[in-house]
Amino acid sequence: MPDKIEELLREPLVVINLGLKGFAASLEKQEVEVIQVDWIPPAGGDEEMIDLLDKLL
Amino acid sequence: MAAGFVIRKNQYYDSVFLMGVNKRLSQTKGVLQTAVLMASEKNKQLLADIGIQGDQIVTAKPNDLIVAVIGETSQVVDSVLQGIDQALLALEEKGPASHLQTLEDGLVEKPNANLAVLTIPGEYVFREASKALEAGLNLFIFSSNVPIEEERKLKELAADKNLLVMGPDCGTSILGGVGIGFANVVNRGLFGAIGPSGTGLQEFTSQIHNAGYGISHAIGTGSRDLSDEIGGITTIQALDTLEADPQTKVVSIIAKPPGGKTLERLLARLKICSKPIVGCFLGARMDSFEGGDALTWAPTIDDAVLAAIQHVGEKPTVARIELTKQERELAAKSRADWAPGQRFLRGLFAGGTFCYQSQQILGEAGIVVHSNTPLNPQTKLTNPDRSSEHTMIDMGDEFYTQGRPHPMIDGTMRRLRILSESRDPSVAVLLLDFILGYNASMDPVGDVLDAIMEAKQTMRQQTGELMIVASICGTKEDPQELDLQVKLLREAGVIVFQSNAKATLFCCELFKPA
């Protein structure tokens with residue numbers, strides 16, 4: 001059974017919002033616990049560097 | 001003519017924000033063209049295409065902001081570029097302040113999180129989404145342009161972990177009464193919904209609310225979930241979940257027709273579903289497909305609402321979709337007012353599902369319709385900007401939204417198209433949709449109202465009356481004030497319906513073959 005999904009529907013939402021602030025704002029208006037992340041591309045968006053970082057982690 | 005650009009190193013902004021800045025700069029007197037974008041390789045190419053090049057651009061990184069301006073004079077260009085920092089500040093997004101920049105930062109702050117919402121560029125989605133799944137988070141991915149093989153991998157990983165991936169390209173979900181993305185404010189209740197399309201779910205959930213009922217959960221799946229490449233992974237998971245959910249009494253699926261193999265898989269699953277199911281696969285007649293006793297097919301979203309309500313054994317308060325006597329009389333009277341040359345219908349939609357549903361309803365009434373997103377590939381417009389006879393345009397299609405905001409948040413492109421249609425004397429009627437709810441424009445009617453007035457005036461001067469028919473998708477609880485939006489339209493002489501299907505049915509009455 002998809003218990004983690006059932007939990008998502010049953011329990012209050014706790015949201016990490018990556019990107020558009022408006023989406024976080026509309027969740028806050030609905031009294032949802034939300035944290036805004038002003039996401040930026042990793043390693044300045046340098047693809048080779050991102051691959052390297054992923055391999056190191 | 002003069003051109004220039006500035007680069008702001010390590011100043012990253014999301015594309016929706018930058019589109020807003022671009023729009024503001026482009027409205028400056030003397031400015032011919034502007035580009036405000038992050039220095040990704042794709043964007044650098046777009047700049048080269050308009051003649052903006054330089055060593056600094058070549059070495060710029062995706063986290064660097066480039067603002068380029070082409071103006072009538074070098075003074076105009078210099079003045080705009082000097083004012084860029086103020087413009088960025090003035091338009092700074094409204095929303096919670098944040099000092100966090102990575103998913104990991106977010107997880108430290110909210111170790112109890114159960115959902116990550118992603119609106120980041122598509123090329124980075126797989127990396128961030130995989131990490132979120134590994135951390136045990138469900139996902140709502142609004143981003144598009146995610147390679148389909150990455151979508152499949154994410155959904156398979158999620159299924160292994162009993163997690164849900166709503167998206168990519170997911171516009172709407174309502175979970176436990178909370179609207180995520182583009183969602184209307186609706187009551188909680190007995191009705192569950194699943195769908196790849198944001199506007200399809202918005203229309204269904206709003207109509208359920210407006211009929212006096214409520215939504216348990218509406219689960220967006222992403223636009224490609226029912227393709228054979230994905231195989232309906234999220235749709236089946238959502239079905240399993242809503243079947244097990246004690247609050248949900250009926251499950252409705254609102255979608256375009258699935259791929260052949262996926263349809264077989266879905267039908268097999270529906271046959272063993274213990275709860276009533278309403279299937280609304282727009283654009284295809286599904287009646288001949290056997291999906292078990294629990295399944296009712298509905299040809300339109302309005303029919304799906306009606307069927308769902310009937311399943312819980314209550315007397316529906318929504319009418320079957322047919323026109324009233326007064327509406328038929330109004331159609332007959334309006335037709336009589338047209339000038340001899342006025343013969344065609346033009347639909348200009350913010351919601352892709354509405355464009356699709358309108359084509360289906362008109363097609364079933366024997367009215368041949370052309371479109372940029374046609375039901376029938378033979379009626380595809382060669383140039384989306386040029387209508388042909390009866391035409392339905394999805395203004396949210398990539399052709400209109402590449403580098404520009406979607407018509408649900410910005411009416412600029414639709415205003416221009418309304419005006420251009422009014423200069424065609426063969427046009428008799430415009431069919432429009434307006435979509436309310438969280439994250440949509442705060443005044444969708446106001447965004448195009450002056451264009452509606454001007455279009456009517458233009459048509460009056462050259463031929464006769466331009467009739468405008470519209471539907472509004474929304475509820476009285478939405479932030480935009482439904483009643484005010486309806487009032488604005490009616491005062492402008494627009495005929496307003498509560499659903500796209502009903503508005504289209506009215507157009508069928510206007511254009512039915514003699």
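## Exercises on chains A and B

Chain A has three helices and two strands (DSSP runs numbered from the N terminus: helices are H or I with at least four residues, strands are E with at least two). This is a predicted model, where local features need pLDDT of at least 70, side-chain atom pairs count only at pLDDT 80 or more, and totals for chains, interfaces and linings use all residues. Residues are numbered from 1 along each chain as its sequence is written, chains are lettered from A in the order in which they are written, and side-chain values use heavy atoms, without hydrogens and water.

**Exercise 1.** Work out whether chain A is a compact globule or more spread out.

*Solution.* 
- Start with the order of elements: along the sequence, chain A reads α-β-α-β-α.
- Next, take the radius of gyration over C-alpha atoms and compare it with the globule rule, 2.2 Å times the number of residues to the power 0.38.
- For 57 residues the rule gives 10 Å, but chain A comes out at 16 Å, well over that, so chain A is more spread out than a compact globule.
- Now check the box: along the principal axes, the C-alpha atoms of chain A fill roughly 40 × 35 × 10 Å.
- Finally, look at contacts (heavy atoms within 4.5 Å): of those in chain A between residues at least 6 apart in sequence, 0% join residues at least 24 apart.

**Exercise 2.** Find what the buried residues of α2(A) pack against.

*Solution.* 
- List the buried residues (under 20% relative accessible area, with exposed over 50% and partly exposed in between; 1.4 Å probe, protein chains only).
- In helix α2 of chain A, residues 21-29, they are A:Lys21, A:Phe23, A:Ala24, A:Ser26 and A:Leu27.

**Exercise 3.** Trace the seven-stranded sheet of chain B and find its edges.

*Solution.* 
- Write the order: β8-β7-β10-β9-β11-β12-β13, an open sheet with mixed pairing (strands pair if DSSP finds at least two bridges between them).
- β8 and β13 (295-297) of chain B each have a single partner strand, so they are the edges, with one side lacking a neighbour in the sheet.
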